[in-house]
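Hi,

Here is the structure I promised to pass on.

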Amino acid sequence: MTHNTVEKTPVTLLGLGAMGTALARAWLAAGHPLTVWNRTPARAAALAAEGARVADSAAEAVAASTLVVVCLLDDASVDEVLAGADLAGKDLVNLTTSTPAEARARAEPARERGARYLDGGIMAVPPMIGVPGAGGYVFYSGSRELFERHRDTLSVPAGTAYVGLDAGFAALHDVALLSAMYGMFAGAAHAFALIRKEDIDPASLAPLLADWLVAMAPAVHQTAAQLRSGDYTEGVVSNLAMQVAGTPTFLNTAEEQGVSPELLRPYFDLMRRRLAEGSGAEDLTGVVDLLVR
């Protein structure tokens, strides 16, 4: 009797925080030989029991596999951990949260040390890792060759999205999406604050709020189209002049409800600045240009 087996790519993982541990368990569950290292060795004990090989040093862990994944606390930690490692011939994937500039600065030294480099931005929280259908994915940028070579392995913990040769693009996409998320959270916080002192159950507002945000989300496509064409009046339904005229209602309502307008006022100020430039017939897209310095 013959058995058809597919040899899984060995992986080295540096960093076993909450995200690193989730990544490790996903690769182990999929049958990938896994070598791990963490600055605090005790965090590796549970993974050792699940089949991971625990290296005594980061250099030893790097030597164990061609594919080396780094998921550390911050960018500075990457320098410290990789300082004594031989990166020649390694496929280095950095999933440590960083800025685009930090990712770009990381790529060239890695190449100089003989490694192929790929940077990643994780669009997921640890409970989403390794869970099919959870919606988590990772942006990757840098070496296209490296990405294609390890696409199947990188797809085990979460979906993958390659966004360009520029090593900084993964971090840039990551921060762009998360910035929009925090803007949404800010709006939701203001909405809940408005009803906080009233006899209104927040749980009754929540589904209305969620549905409204979903309904408004497609507006980003029009913004993108206008930015691409340069015509900010294209497809306008409610122009800037009309929207600015309505802003006092929001500010007055906040005052009546005893709610600070500090989350809304900066955006309204930008809208008024754009209007003062004579752009009343436009959509809100011109605010983007005011933000770019």
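This is a predicted model: local features need pLDDT of at least 70, side-chain atom pairs count only at pLDDT 80 or more; totals for chains, interfaces and linings use all residues.

Residues are numbered from 1 along each chain as its sequence is written, and side-chain values use heavy atoms, with hydrogens and water left out.

**Overall picture**

The chain has 13 helices and eight strands; these are DSSP runs numbered from the N terminus, with helices being H or I of at least four residues and strands E of at least two. Along the principal axes, the C-alpha atoms fill a box of roughly 75 × 45 × 45 Å.

Of the 293 residues, 39% are buried (buried is under 20% relative accessible area, exposed over 50%, partly exposed in between, with a 1.4 Å probe and protein chains only). The accessible surface comes to about 16,000 Å², and 59% of that belongs to carbon and sulfur atoms (Shrake-Rupley method, 1.4 Å probe; for residues, only the protein chains shown count as cover). Taking contacts (heavy atoms within 4.5 Å) between residues at least 6 apart in sequence, 59% join residues at least 24 apart.

**Charges and salt bridges**

There are 22 positive and 33 negative side chains, and the centres of the two sets lie 4 Å apart. Lys and Arg count as positive, Asp and Glu as negative, while His and the chain ends are not counted; each charge is placed at NZ of Lys, CZ of Arg, CG of Asp or CD of Glu.

The salt bridge count is 15, where a bridge is a side-chain nitrogen of Lys or Arg within 4 Å of a carboxyl oxygen of Asp or Glu. One of them joins Glu-50 and Arg-25, at 2.9 Å from N to O. Glu-50 sits in the loop between helix H2 (45-49) and strand E3 (53-54) and Arg-25 in helix H1 (residues 18-29), so this pair ties together parts that are 25 residues apart in sequence. Glu-50 is partly exposed at 40% relative accessible area, and Arg-25 is partly exposed at 37%.

Another pairs Arg-111 with Glu-108 at 3.1 Å, N to O. Both lie in helix H5 (residues 100-112), three residues apart, about one turn of the helix.

Glu-145 and Arg-149 meet at 2.7 Å, N to O, and both lie in helix H6 (residues 144-149), four residues apart. These two also belong to a salt-bridge network with Asp-91 and Arg-116.

**Two residues to look at**

Asp-283 is in the loop between helix H12 (265-276) and helix H13 (286-291). Leaving out residues up to four places away in sequence, Asp-283 touches Gln-222, Gln-226, Tyr-232, Val-236, Ser-238, Leu-240 and Gln-243.

Ala-26, in helix H1, counts as buried at 10% relative accessibility. Beyond its neighbours within four places in sequence, Ala-26 contacts Ile-129, Gly-130, Val-156 and Pro-157.

Cheers
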